[in-house]
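User: I'm new to this one and would like a guided look. Could you take me through it step by step?

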Amino acid sequence: MTSVNNVSFAGAAVTKNGNLYNKCKTGRRVGTVTGLLLGAGAASTKLGGMTILAAAAKICEKMPKANPYLIPIAGAIAVASVVATTLAGRALGALPDALVNRGRKKEADARGMNVQA
C-alpha cells in the first residue's frame with residue numbers, strides 16, 4: 001500500500017502492517033456532546049451562575065481595576081468551564097475508542113497473516 005491510502009475520512013484506517021480496519025470514533029463523539037451539554041447546563045443553572053460570579057468577584061477583589069469588567073470576566077470563566085468539560089468528555093470518550101480500535105487492529109493483522117499464509 002502507498003502512503004496516500006493511509007488517510008481516510010470514511011472511518012477506515014490502516015494498521016502498521018498495512019491491513020484495513022474500521023476505526024471507532026463513537027465514544028469521542030458521545031463524550032464531546034455529553035461534556036458540552038453538561039458544561040453548558042452547569043453554567044446556566046442558578047448555582048453554576050452564582051459560582052461563576054463569585055469567581056469573577058474574587059478576581060475583581062484582587063485587582064480593583066477589573067471591577068468594570070465583572071460581566072466579561074464572568075463570561076470568560078463560563079466559556080472556559082464549558083470548554084474544559086467538553087474537552088474532558090472528549091478525553092473520557094476516547095478511552096473506550098482506544099480499546100476498541102486496539103482490538104480491531106489486532107483482528108485485522110491476524111486476518112492479514114492468515115491470508116498471507
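This is a predicted model: local features need pLDDT of at least 70, side-chain atom pairs count only at pLDDT 80 or more; totals for chains, interfaces and linings use all residues.

User: Leaving aside neighbours within four places in sequence, which residues is Ala12 in contact with?

Analyst: Start with the place: Ala12 is in strand S1, which covers residues 12-14. Its C-alpha is 4.5 Å from that of Asn22, though ten residues separate Ala12 and Asn22 in sequence. Once the neighbours within four places are set aside, the contacts of Ala12 are Tyr21 and Asn22.

User: Is Ala12 buried, partly exposed or exposed?

Analyst: Buried needs a relative accessible area under 20%, and exposed needs one over 50%. Ala12 has 28%, so the label is partly exposed.

User: How much of the chain counts as buried?

Analyst: The accessible surface of the chain is about 8400 Å², and carbon and sulfur atoms hold 68% of that. To count as buried, a residue has to be under 20% relative accessible area. Of the 117 residues in the chain, the share that counts as buried is 25%.

User: Which residues make up the largest nonpolar core?

Analyst: In soluble globular proteins, nonpolar side chains tend to be buried together. Here the largest nonpolar core has seven residues: Ile52, Ala56, Cys60, Ala66, Ile73, Ala74 and Ala78.

User: And which elements give two or more residues to this core?

Analyst: Ile52, Ala56 and Cys60 are among the core residues, and so are Ile73, Ala74 and Ala78. The elements giving two or more are helix H2 (46-62) and helix H3 (70-116).

User: Which residues does Ile77 touch, not counting those up to four places away in sequence?

Analyst: Ile77 lies in helix H3 and is partly exposed, at 23% relative accessible area. Ile77 and Ala43 are 34 residues apart in sequence, with 9.4 Å between their C-alpha atoms. Leaving out residues up to four places away, Ile77 touches Ile52, Ala55, Ala56 and Ile59.

User: What about Ile52: which residues is it in contact with, leaving aside neighbours within four places?

Analyst: Ile52 is one of the residues of the largest nonpolar core. Beyond its neighbours within four places in sequence, Ile52 is in contact with Ala43, Ala74, Ile77 and Ala78.

User: Are H1 and H2 roughly parallel or roughly perpendicular to each other?

Analyst: Helix H1 spans residues 26-44, and its axis passes 4 Å from that of H2 at an angle of about 75 degrees. Angles of 65 to 115 degrees count as roughly perpendicular. H1 and H2 are therefore roughly perpendicular.

User: Is Gly89 buried or exposed?

Analyst: Gly89 lies in helix H3, and its contacts, leaving aside neighbours within four places in sequence, are Gly31, Thr32 and Gly35. Gly89 and Val30 are 59 residues apart in sequence, and their C-alpha atoms are 8.1 Å apart. With a relative accessible area of 14%, under the 20% limit, Gly89 is buried.

User: Last one: how many Å apart in space are Ala57 and Ala74, C-alpha to C-alpha?

Analyst: Ala57 belongs to helix H2 and counts as partly exposed, at 31% relative accessibility. Ala57 and Ala74 are 17 residues apart in sequence, and their C-alpha separation in space is 8.5 Å.

How values were computed. Residues are numbered from 1 along each chain as its sequence is written. Side-chain values use heavy atoms; hydrogens and water are left out. Buried means under 20% relative accessible area, exposed over 50%, partly exposed in between (1.4 Å probe, protein chains only). Contact means heavy atoms within 4.5 Å. Accessible areas come from the Shrake-Rupley method with a 1.4 Å probe; for residues, only the protein chains shown count as cover. A nonpolar core is a set of buried Ala, Val, Leu, Ile, Met, Phe, Trp, Tyr and Cys residues joined through side-chain atoms within 4.5 Å. Axes are lines fitted to C-alpha atoms, for helices over the stretch in contact, and angles run from 0 to 180 degrees between N-to-C directions. Angles under 35 degrees count as roughly parallel, over 145 as roughly antiparallel, 65 to 115 as roughly perpendicular and the rest as oblique.
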